Amino acid sequence: MLGGTLWLLLLLLLPLRPPGTQGHRGATSSGQNDEKPAAWPGVQRLKEHLRTVGTLSRQYWGFFSCTVWPDHCQDQEAPAPPLGWSLPLWGRRSLDRLTEWFCRFQDCCTGGGDCRISNNLTGLESDLRVRLHGQHLASELVLRAVKGYLEKPHGDKALALSFHGWSGTGKNFVARMLAENLYRDGLRSDCVKMFISTFHFPHPKYADVYKEEMRWQMQETRWRCQQTMFIFDEAEKLHPGLLELLGPHLEPRVPEAQGVEPPRTIFLFLSNLGGSVINKEVLGLLKAGWSREEITMQHLETPLQAEIMASTDSSFGSSRLVKENLVDFFVPFLPLEYHHVRLCVRDAFLSQDLPYTEEALDEIAKMMTYVPEEERLFSSQGCKSIAQRINLFLP
């Protein structure tokens, strides 16, 4: 239909006589008519004109389709105007306007691929190493899981990561890092959708409405993008019906047809569930003489999963996501200590281009509350509210 529209526009805009032709008199130099009646030359010119316009229309359509669907033209030569004709300026401008209008609804990328997806794994590795403090387990596990998933040629299921730990330990921070390095527009990307349980699904009595809304938004996002990310903050507060709805999306998929790249989806579940048992195990190991960096997943994996499944305050542990092993990795976020909080304070100053002193870093870090009461080892708020506290030290 769009090709027909362009054809009609060009038919109206192009001159009735192709450039370089002279008027046809319909007679030979001897004065004898050896052609059909005088009306025939006009019809013949019209036919030639229509053939030329049709060729131009196809060339315009080829140029337009190559602009908005670059994969369509990867194995084809770039469209060129027919011999003897130049693209009319007005027609080209109209094509540009049409392309611009189309690209408001779908990103058009030069060079093929989806320019909304960046998958900067080098940047992700750097961010996790430099910007994330005190979380060697989370850093290693997240990078290994995401890199392995994206570099695998054919994924048979979505990647599901469940982040667990106290508030302020970096769960949202890592989710944001993933969005920023995997997608051009980060959390604002059309391919990323974030749901906050207490904000998007606050009332249990409307669970059926929420299910339809979430189903529609997930379908819409996956329709737009070949690679999507869904983030569920406060996952422990999700209604059982919503957790049930997510089950089929995390199950293994039937292999796609040969040569068809399967869609990729990353699910992130962020939860405070299991934070207490993580802190208890870490404190016990530190008291026993282990260094923080010596703590491994073997120390935390079993008690963390047992705590999640035994929780009576949440439906997450009893959902099929956990019971049927649809979550690939449970990622523990360790409680932060004083020197980690101090690094967070420094980063807060740097992010706002503000000068700071070593004394200011110490003062703000000391303002946080530390537990347990005897050891005063872990920040009860992690690195939360630091940005607000630095305002007290500004001139």
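**Figure 1. Residue classes in the lining of the largest pocket of this predicted model.** By class, the lining consists of 9 nonpolar, 11 polar and 8 charged residues. Altogether, 28 residues line the largest pocket. The volume of this pocket is about 760 Å³.

**Figure 2. The centre of the largest pocket and the elements around it.** Of the lining residues, Gly-168, Phe-173, Arg-176, Cys-383 and Lys-384 lie nearest the centre of the pocket. Four elements, α6 (171-182), β4 (264-271), α13 (338-351) and α15 (386-389), each give two or more residues to the lining.

**Figure 3. The salt bridge between Arg-131 and Asp-127.** Side chains of opposite charge can pair when their charged atoms come close. In this view, the side chains of Arg-131 and Asp-127 meet at 3.3 Å, taken from N to O. The relative accessible area of Asp-127 is 16%, so this residue is buried. Arg-131 has a relative accessibility of 30% and therefore counts as partly exposed.

**Figure 4. A network of salt bridges that includes Asp-127 and Arg-131.** The network links Asp-127, Arg-131, Arg-176 and Glu-180. One of its members, Arg-176, is also among the residues that lie nearest the centre of the largest pocket. A search of the whole structure finds 15 salt bridges.

**Figure 5. The salt bridge between Glu-220 and Arg-224 in helix α8.** The side chains of Glu-220 and Arg-224 meet with an N to O distance of 3.5 Å. Helix α8 spans residues 207-224. Because Glu-220 and Arg-224 stand 4 residues apart in this helix, about one helical turn separates them. Both partners are partly exposed: Glu-220 has a relative accessibility of 25%, and Arg-224 has a relative accessible area of 32%.

**Figure 6. The salt bridge between Arg-320 and Glu-324.** Here the side chains of Arg-320 and Glu-324 meet at 3.2 Å, from N to O.

Technical notes: Residues numbered from 1 in each chain as written. Predicted model: local features only at pLDDT ≥ 70, side-chain atom pairs only at ≥ 80, totals over all residues. Heavy atoms only, no water. 1 Å grid on protein atoms, 1.4 Å probe; cavity = no way out; pocket = protein on both sides within 12 Å on 5 of 7 lines; lining within 4 Å. Points joined across faces, edges and corners; volume = space filled by probe spheres on them. Nonpolar A, V, L, I, M, F, W, Y, C, P; charged D, E, K, R; others polar. Salt bridge = Lys/Arg side-chain N within 4 Å of Asp/Glu carboxyl O. Buried < 20%, exposed > 50% of the residue type's maximum accessible area, 1.4 Å probe, protein only.
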